[in-house]
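User: I would like to learn how to read a ligand site and a helix pair. Please take me through one case.

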Amino acid sequence: MTRIIEVAGVEVSTEHFINGERVPSATTFADISPIDGSHIGDISAGGQDEADAAVAAARAAFPAWAALGPEGRLPLLKQFAENIRQSVDKLAAVETVDNGSLLIGNVHGGMPRAAHNIEFFAERALTLNDETIDSPDVVNHVRYDPSGVSALIAPWNGPFMLTTWKAGPALAAGNTVVIKPPEWAPLTSSMMADLATDAGIPAGVLNVVQGIGEVAGAALVANPDLDRISFTGSTDTARIIGRAAADSLTPISLELGGKSPFLVFADADLDKAAQTLAMQYMNAGQVCLAGTRVFVEASIADELQLKMRQAVDKLTVGDPREKTTRMGPLIGAEHFTRVKGFVDRAIADGAQVVWGGKPHEKGGFYFPPTLLTNVEQDWEISQREVFGPVLTWQTFTSEEQALEMANNTKYGLAAMLFTRDAERVARIGRAVVAGTVWVNCFFVRDLSAPFGGCRQSGIGREGGNWSFDFFCDVKNVAIAKDSLA
Ligand code: NAD
């Protein structure tokens, strides 16, 4: 009998999903809600056996899934997307209890986007094999063939949406997948398996192995029968995965951490800049893209900070299920201690607290929006990813200085730029080290556009055909002209 728990009125399996069946493990790990620290349930903790069984199931299912071709897979994947759409409210409610993200954001943002991720890549795959390159003696037919079995590993800050971002192109390309959900928010990935199965996706095509990253995740990425590893998470874990993948030379795609700069020049629309600055506290700052290093032209710094304070004052901290809440809790006790530690050490180093700076009066894992000033470039708080609602604020007097400060980290995920000067946009757009530069906007994501990180923020790009470049074996079939009957 499968082990089912009820979360926010929704039934969720706590077991693995391997070859179309629910499989338990002898050991479990506790899933805790960040909202109130309550125990949600005990989840199967997989290891080597479960990881190997899931990869074997995915391998066995691969030939038939690949043979369907993009046209054959399309109706199944469209139904999968439709099932997600029909379940948006349930998925959103469960994810909110599991990771503390805003219910309203999951209902209107994350979950509909997840459905779009599946559908977008299923449709885009139809045109993958259309390209030919004409040479003097041959016609080169460019093919995107499925590569085999992909391991998909996502973090807890948006597990369902981020996993579909990988599962969408992997499945559309004809790969079969093994998903290792984050242990701090494992539930919606379990629901994903049911939604895929209900859509008619065959057994073994989408498998889920629950467990602790260092155990189940490590066992999965060490499996030599994998053809791709797609990972979103921290830079430190990426190094470990890279070493595991090196033995079998399994290609890896890495979407990692960030310490993104947010530049505001004196000619900017300061009201819009202030509103967008307040958005950097989204998901309690647990967003890889957040512009956590704010650099402001000195002449408008006071005015902008005042406007930002007004916007931040409206960010009600509280239960993420409430409609009026704008900022929920941090994911849990360990992460809360980590975030607080960064802030405490920055203050001990001499940082001044403009707002926030200590745990929220609500208690639990709630930490308020925090702004620190009087910080130096080489301090820990300016260099390491906090992954909490903590921004630093520094001023500049020239574009060169702003750029120099913006590029002064080991990361390069995103950069936000507020200015009305088109030439400056061209100069900074070229020189800033980032995979995405948002100019006078933030968090606008077109799936056709490339997404990824430079430096230690990642390897590879997702989105558009960049996703297929990774998940497929790109092949050239060069046919001598006039050689075929
Ligand atoms: P993490 O690296 O601790 O864990 C990510 C995933 O890896 C989890 O599912 C975990 O179980 C698994 N894992 C852990 N150790 C493993 C191992 N040895 N082998 C295989 N898998 C293992 O990251 P996190 O704390 O869950 O997430 C936060 C991080 O993710 C931040 O650094 C954030 O910036 C980053 N992130 C990046 C993006 C992006 O698109 N670039 C998006 C969201 C989050």
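Analyst: A polar contact is a pair of N or O atoms within 3.5 Å. Here a backbone N or O atom of Gly233 lies 3.4 Å from a ligand oxygen atom. A polar side-chain atom of Ser234 lies 2.7 Å from an oxygen atom of the ligand. For Glu385, a polar side-chain atom lies 2.6 Å from a ligand oxygen. This is a predicted model: local features need pLDDT of at least 70, side-chain atom pairs count only at pLDDT 80 or more, and totals for chains, interfaces and linings use all residues. Residues are numbered from 1 along each chain as its sequence is written, and side-chain values use heavy atoms, without hydrogens and water.

User: Which element gives the largest share of the shell around the ligand?

Analyst: Helices here are DSSP runs (H or I, at least four residues), numbered from the N terminus. H7 gives the largest share, 4 residues.

User: Now the helix pair. At what angle do the axes of H3 and H6 cross?

Analyst: Axes are lines fitted to C-alpha atoms over the stretch in contact, and angles run from 0 to 180 degrees between N-to-C directions. The axes of H3 (residues 88-99) and H6 (residues 187-198) come within 9 Å and cross at roughly 155 degrees. So H3 is roughly antiparallel to H6 (over 145 degrees). Contact means heavy atoms within 4.5 Å. Among the residues making it are Leu91 and Val94 of H3 and Met191 and Leu195 of H6.

Methods
Helices (H or I, at least four residues) and strands (E, at least two) are DSSP runs, numbered from the N terminus. Angles under 35 degrees count as roughly parallel, over 145 as roughly antiparallel, 65 to 115 as roughly perpendicular and the rest as oblique. A polar contact is a pair of N or O atoms within 3.5 Å; within protein, one must be able to donate a hydrogen and the other to accept it, and residues adjacent in sequence count only if both atoms are side-chain atoms.
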